[in-house]
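Subject: Structure handover

Dear colleague,

Here is the structure you asked about, with the sequence alongside. My notes on what turned up follow below it.

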Amino acid sequence: MQADCRAKVCFPVVGTPAIIRALKTYRAAGVSSHVIVVGHHAEEVMRTVSEQFDGEVWFAFQPVAMGTGNAAKHGARLLQKMGYGGKVLVVAGDKVIRPGAVERLN
């Protein structure tokens, strides 16, 4: 799903952007706040997410896409600046998982 016209996480899965489906899953599993790492198409991702999850999300900017590990590093930096010291779940925003799978990780 690589396309210059749209962020991969914003492509619809059965009519709903993949990132929204993922965030609803995490919410259903008890995850109440999210750091989303954005880069290319950042504005589209931020707009899509903020429409339904305003106040539950923070965005970290990754200037150059260098993989999941690098994205996690940018997210971790933001969490550190916020003084967060709890558990962290690193996931891709374009994956569809069931809430039970997330709950078992706790």
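Glu 44 has a relative accessible area of 15%, so Glu 44 is buried. The model is a predicted one, and every value in this email was computed from it. The side chain of Glu 44 meets that of Arg 6 in a salt bridge, with N and O 3.7 Å apart. Glu 44 belongs to helix α2, whereas Arg 6 sits in the segment before β1 (12-13), so the pair ties together parts of the chain that are 38 residues apart in sequence. Arg 6 has a relative accessible area of 32% and is therefore partly exposed.

Other salt bridges

Over the whole structure, the search finds four salt bridges.

Asp 94 is buried because its relative accessibility is 17%, under the 20% limit. Lys 8, with a relative accessible area of 41%, is partly exposed.

Glu 56 and Arg 27 form a salt bridge too, and their closest N and O atoms are 2.6 Å apart. Glu 56 comes from the loop between α2 and β4, and Arg 27 from helix α1 (residues 18-28), so this bridge ties together parts that are 29 residues apart in sequence. Glu 56 counts as buried at 19% relative accessibility, while Arg 27 counts as partly exposed at 38%. Salt bridges with shared partners also join Lys 8, Asp 94 and Lys 95 into one network.

Strands β3 and β4

Which way do strands β3 and β4 pair, and over how many bridges? Strand β3 (residues 34-38) pairs with β4 in the parallel sense, over five bridges. Between the two, the chain passes through helix α2 (residues 42-53), and this β-α-β crossover is right-handed. Within the pairing, Val 37 stands opposite Ala 60 of β4.

His 34 is part of strand β3. Its relative accessibility is 7%, so His 34 counts as buried. Setting aside residues up to four places away in sequence, His 34 touches Leu 23, Tyr 26, Glu 56, Val 57 and Trp 58. Two of those names come up elsewhere in this email: Glu 56 as the salt-bridge partner of Arg 27, and Trp 58 as a member of the surface patch described next.

Trp 58 is located in strand β4 (residues 57-61). At 35% relative accessibility, Trp 58 counts as partly exposed. Together with Met 82, Tyr 84, Val 88 and Val 90, Trp 58 makes a nonpolar surface patch of about 480 Å².

Helix α3

Is His 74 buried or exposed? His 74 lies in helix α3 (residues 68-81) and counts as buried, because its relative accessibility is 16%. Apart from neighbours within four places in sequence, His 74 is in contact with Val 37, Ala 60, Phe 61, Gln 62 and Pro 63. From His 74 to Thr 25 the C-alpha to C-alpha distance is 23 Å, and the two are 49 residues apart in sequence.

Backbone angles

Most residues other than glycine have a negative phi.

Val 14 has a phi near 50°. Val 14 is in the loop between β1 and β2 (16-17), and at 74% relative accessibility Val 14 counts as exposed.

His 41 has a phi near 70°. His 41 is in the loop between β3 and α2.

Regards

Key:
Residues are numbered from 1 along each chain as its sequence is written. This is a predicted model: local features need pLDDT of at least 70, side-chain atom pairs count only at pLDDT 80 or more; totals for chains, interfaces and linings use all residues. Side-chain values use heavy atoms; hydrogens and water are left out. Patches are made of residues with over 30% relative accessible area and no salt bridge: like charges are joined within 9 Å, nonpolar side chains (Val, Leu, Ile, Met, Phe, Trp, Tyr) within 5 Å. Accessible areas come from the Shrake-Rupley method with a 1.4 Å probe; for residues, only the protein chains shown count as cover. Helices (H or I, at least four residues) and strands (E, at least two) are DSSP runs, numbered from the N terminus. Buried means under 20% relative accessible area, exposed over 50%, partly exposed in between (1.4 Å probe, protein chains only). Two strands pair if DSSP finds at least two bridges between them. A crossover is right-handed if, with the strands pointing away from the viewer, the path from the first strand over the helix to the second runs clockwise. Contact means heavy atoms within 4.5 Å.
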